[in-house]
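Please keep the sequence and the structure in view while reading.

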Amino acid sequence: MGLPATVTVGDAVVELRRATAADLPALVAMLVDDPLGAGREADDGDLTPYRRAFDLVDADPAHVLLVAVEGDDVVGTLQFSVLPGLARCGASRGQVEAVRVAAGARGRGLGAAMIGWAVAESRRRGCGLVQLSTDKSRTDARRFYERLGFVASHEGMKLALPAGS
């Protein structure tokens, strides 16, 4: 599908495109406006750590920070990455992270449209599968991904590292 692209969500046309640095305030607002993100994101207005991360993601062609724009408003985002690997006969994986839809845009199919883009982009880039993780407490998100055909086939594990370690 590539970018930019347009999708119809309900009666609205939404543009999917690569994020720009100007989108950062809206992206961080969506990360903070989330039950889990509220406790782990910086909501003090300092975008410095987000700018550093944005620059790294944006500079690497294996990664896309996607935004969904309706009119002048950023209403959704996800990060898409291609991970090369040896397993599965050398298959690359499309990795989807940090899927967010702005509160006022939920329930209209935008999340499904963004995931649909990520699946199509995975195919376009020759990936053998698409993977994502969702927090165990997000039961609605799990049902959403299952409706889209994802299977909870593995147990994800994480190890948090303190800043500066």
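Two residues are said to be in contact, or to touch, when they have heavy atoms within 4.5 Å. The structure is a predicted model, in which local features need pLDDT of at least 70 and side-chain atom pairs count only at pLDDT 80 or more, while totals for chains, interfaces and linings use all residues. Residues are numbered from 1 along each chain as its sequence is written, and side-chain values use heavy atoms, with hydrogens and water left out.

**The chain as a whole**

The protein chain holds six helices and six strands, where helices (H or I, at least four residues) and strands (E, at least two) are DSSP runs numbered from the N terminus. Read from the N terminus on, these elements follow the order β-β-α-α-α-β-β-α-β-α-β-α. The radius of gyration is 16 Å, close to the 15 Å that the globule rule gives for 165 residues, so the protein chain is as compact as a globular protein of that length; this radius is taken over C-alpha atoms, and the rule is 2.2 Å times the number of residues to the power 0.38. Along its principal axes, the C-alpha trace spans about 45 × 45 × 35 Å. Of the 165 residues, 36% count as buried, a word that means under 20% relative accessible area, whereas exposed means over 50% and partly exposed lies in between (1.4 Å probe, protein chains only). Among contacts between residues at least 6 apart in sequence, 57% join residues at least 24 apart.

S81 is found in strand β4, which covers residues 73–83, and S81 is buried, with a relative accessible area of 4%. Not counting residues up to four places away in sequence, S81 touches A62, H63, R93, G94 and Q95.

Q95 belongs to strand β5, residues 93–101, and is likewise buried, at 13% relative accessible area. With the same exclusion of residues up to four places away, Q95 touches Q79, F80, S81, L83, Q131 and L132.

The table lists polar contacts between side chains, each being a pair of N or O atoms within 3.5 Å; within protein, one atom must be able to donate a hydrogen and the other to accept it, and residues adjacent in sequence count only if both atoms are side-chain atoms.

| Side chain | Partner side chain | Distance |
|---|---|---|
| S81 | H63 | 2.5 Å |
| Q95 | E97 | 2.5 Å |
| Q95 | Q131 | 2.6 Å |

**An exposed glycine**

G10 lies in the loop between β1 (5–9) and β2 (12–18), where G10 is exposed, with a relative accessible area of 60%. The C-alpha atoms of G10 and Q95 are separated by 27 Å, and these two residues are 85 residues apart along the chain.

**Backbone details**

Most residues other than glycine have a negative phi, and most peptide bonds are trans. Against that background, the peptide bond from L3 to P4 is cis, with omega near -5°, and P4 lies in the segment before β1. C89, a residue other than glycine, has a positive phi, near 60°; C89 sits in helix α4, residues 87–90, and counts as exposed at 86% relative accessibility. A98 also has a positive phi, of about 50°, although A98 is not a glycine. A98 is placed in strand β5 and is partly exposed, with a relative accessible area of 37%.
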